[in-house]
Number of protein chains: 2
Amino acid sequence: MKIGLLGHGVVGGGVTEITDSCKVRKVRRLEVTKILVKDEWELTDPRCTQNAEEILNDPEIEVIAECMGGIEPAHTFAARALESGKHVVTSNKKMFATCAAELLGLAKENGVSVRYEAAVGGGIPWMSNLERTERLEPVTSFRGIFNGTTNYIISRMEETGAPFAEHLAEAQSLGYAERNPVDDIDGHDVRYKTALTALKAFHTIVNPDEIPVMGIRTISPGDLAWAKEHQMAVRLFGYGKAGKDAVTLWVMPVMISAKEVFANIQSNFNAIESESKTLGKAVFVGQGAGALPTAHAVVQDLLDIYEEKDPRVGELVNLPVVNSEEKWQFYIRTAVPAFFAEIAAEQEGNVVFTRELSIQEMFELLKECGDESVFAAVVMK
Amino acid sequence: MKIGLLGHGVVGGGVTEITDSCKVRKVRRLEVTKILVKDEWELTDPRCTQNAEEILNDPEIEVIAECMGGIEPAHTFAARALESGKHVVTSNKKMFATCAAELLGLAKENGVSVRYEAAVGGGIPWMSNLERTERLEPVTSFRGIFNGTTNYIISRMEETGAPFAEHLAEAQSLGYAERNPVDDIDGHDVRYKTALTALKAFHTIVNPDEIPVMGIRTISPGDLAWAKEHQMAVRLFGYGKAGKDAVTLWVMPVMISAKEVFANIQSNFNAIESESKTLGKAVFVGQGAGALPTAHAVVQDLLDIYEEKDPRVGELVNLPVVNSEEKWQFYIRTAVPAFFAEIAAEQEGNVVFTRELSIQEMFELLKECGDESVFAAVVMK
């Protein structure tokens, strides 16, 4: 099976490292014949080209593996590949979360498939386990740690007691965080992954912008100390729950019991839980990023296409995102505790522990409070 | 696809509960047409029979799902089913770990398959994830919590500080432990599962009796307190590592860092980690027992057979079990600390913390020491 690889950076480089060296017979059938690179200095392999047309117009190439990142031109290349009857594998959560409806429609029209295991918790493996579960029964909810960069920062802050900025810089120097870390620390990365999980688990197309998001930019060592004192730990969660005519989806820090699996997820690991009727709760823990685990997921997707495994897309719907039904207590650390007096169950200094209210109510209050340094977390004890 | 179900107890009852009520189209194709029961009072369903011949000789039945437990007659029924060209799905770790070589040979001869997801960590799902990983690369090692009953007892002892016997009785009253709990508490159950994991991950037939085993019969609240003081937790582990001409396999309590995922596995949950070159470490957490999670695994196996998924049995080998190469430190709590003086790195009262030695050396010393109440654990910090 001839494959055109788009992008030869961290993930794309990992893909050729695996496919070129793997001795497993079936993997040897996966032949990367052309590689799109951006810059001249990347033309290190005779298969490399800077001209996408050479790949997209090659009738021998059956599958495009898109590992470029960013929305354009990745989206256009993926769409053109599908239109010309090529399967697409992508590791690009931002692009695919934004363009899933269009690309899955094109895939259906052209009798090909799109796979995106590498886009969400690459090394877990998350998508394939969701597919397996929901072959038998609907996944009713999911929750967990979808972002390794922020988990690295939080777990390091727990260890050292040092402030956020220090461990963000450390994560950047180690290559765990990008120079522009907004997507990670403000939760957008988790938002894309939450949307893609809802797509796989609940068969609904969700515009990521509809998912309320709060990241960890304002987290302080004091918040972690407060959690620890109360036998809890802080983690950044993506959360989803299937309803009848709507889905609950949000991204926000949580405080969970220190005895939960999630509380012991260290460094840049991911851990995501699914729940369904007869299987119950199952948690999958693995490396969510990194060259080889992510490339492993791309190659697994290529093998699924090679073996013609059913991607179980099913009939897609467009359920609205509703966050007004479930109620939670929240931890809020704020410069304006008086603003939150009405919803406080307990208050001590600048910490407010709220009565139960919905995510939607909470996000409205956070927007109104005017405190840019406010930190809030869903209490899941 | 017509299925003959052998056994209609906890697991078998769960299987018909799922297949009879599931609304997913593909699952509706799985039709349990006959059910073997033991006693007359179990003849509650028109499909039930006490005569195995009716099922084994039914030419319409393509698959036998064996949920009886025990070696005989389960083994004979499975062998006869394979000989007559029927696929076999089993939830019976004891029978399959003991008879795998014979049954897989019969399956190969007759062009059918044997699946055993439900036999090891049912709700995890463990076997299917191993199959997926090793489609791309060899699994190099595994370790983890394979037994829910003992994990329930240990995690309850951590909570209450009460002795082993009390929480064993509690587990029995809740139905988590059998009236005769030897298989669970002495580690034999984990031994079967470790052998079956080695079969799937390392493609080697292992006689479970070759795997050194120590259970948790002698564990005391003092052992757990010692672990906690040293920022560790105790868990019962199955462990495996692939070597070139041998495999390392053992079952024994471990002391692991309190920050590890395993330390936060509570109640009767299982958690097993696999390691491989590009995927790295991945941990799978779920309910290892219970009617519905185990039945879910049986039905998933039936679906894999229905979809003709390759069980990736590969060429099987007969690697010896060797536990003399890897070295560990051990915690030993004993009435005869002087006996262990030669291998002690530190000693305090009745606790000996050893220098590094092999599992084989440790088991020899434990056998020689003459202390029936001795408790020992591999230190994995």
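This is a predicted model: local features need pLDDT of at least 70, side-chain atom pairs count only at pLDDT 80 or more; totals for chains, interfaces and linings use all residues.
**Entry 1: domains of chain A**

I looked up the domain assignment of chain A first. It gives domain 1 as 2–115 and domain 2 as 127–292 + 318–379. I then took the separation of the two: the C-alpha centres of domain 1 of chain A and domain 2 of chain A are 31 Å apart.

Next I asked how many residues of domain 1 of chain A are in contact with domain 2 of chain A. I found 11 residues of domain 1 in contact with 10 residues of domain 2. On the domain 1 side, helix H1 (10–21) and helix H5 (93–110) of chain A each supply at least two residues. H5(A) gives the most to that side, with seven residues. I sorted the residues of the domain 1 side by kind and noted six nonpolar, three polar and two charged.

**Entry 2: the sheet in chain A**

I traced an open sheet of six strands in chain A, and wrote down its order as S3-S2-S1-S4-S5-S6, with parallel pairing. Which strands stand at the edges? They are strand S3 (48–49) and strand S6 (114–115) of chain A; each has a single partner strand, so one side of each has no neighbour in the sheet.

I then checked one pair inside the order. Strand S1 (residues 2–6) and strand S4 (residues 63–66) of chain A run parallel and are joined by four bridges. For Ile3(A), I recorded Val63(A) as the bridge partner in S4(A).

I also looked for a helix on this sheet. Helix H12 (residues 291–306) of chain A packs on it and touches S1, S4, strand S5 (87–90) and S6 of chain A. The direction of H12 makes about 160° with that of S5(A).

**Entry 3: a helix pair in chain B**

I moved to chain B for a helix packing. Two packed helices are described by the angle between their axes and the distance between the axes. I put down the crossing of H5(B) and H10(B) as left-handed.

I listed the residues that meet. H5(B) brings Lys93(B), Lys94(B), Phe96(B), Ala97(B) and Ala100(B). H10(B) brings Asp189(B), Tyr192(B), Lys193(B), Ala195(B), Leu196(B) and Leu199(B). By kind, the residues of this contact divide into seven nonpolar, no polar and four charged.

Key
Residues are numbered from 1 along each chain as its sequence is written. Chains are lettered from A and ligands numbered from 1 in the order in which they are written. Domain bounds come from an automatic or database domain assignment. Two residues are in contact if their C-beta atoms, placed from the backbone, lie within 7 Å. Ala, Val, Leu, Ile, Met, Phe, Trp, Tyr, Cys and Pro count as nonpolar, Asp, Glu, Lys and Arg as charged, and the others, Gly among them, as polar. A crossing is left-handed if the near helix is turned anticlockwise from the far one by less than a right angle, and right-handed if clockwise. Two strands pair if DSSP finds at least two bridges between them. Axes are lines fitted to C-alpha atoms, for helices over the stretch in contact, and angles run from 0 to 180 degrees between N-to-C directions.
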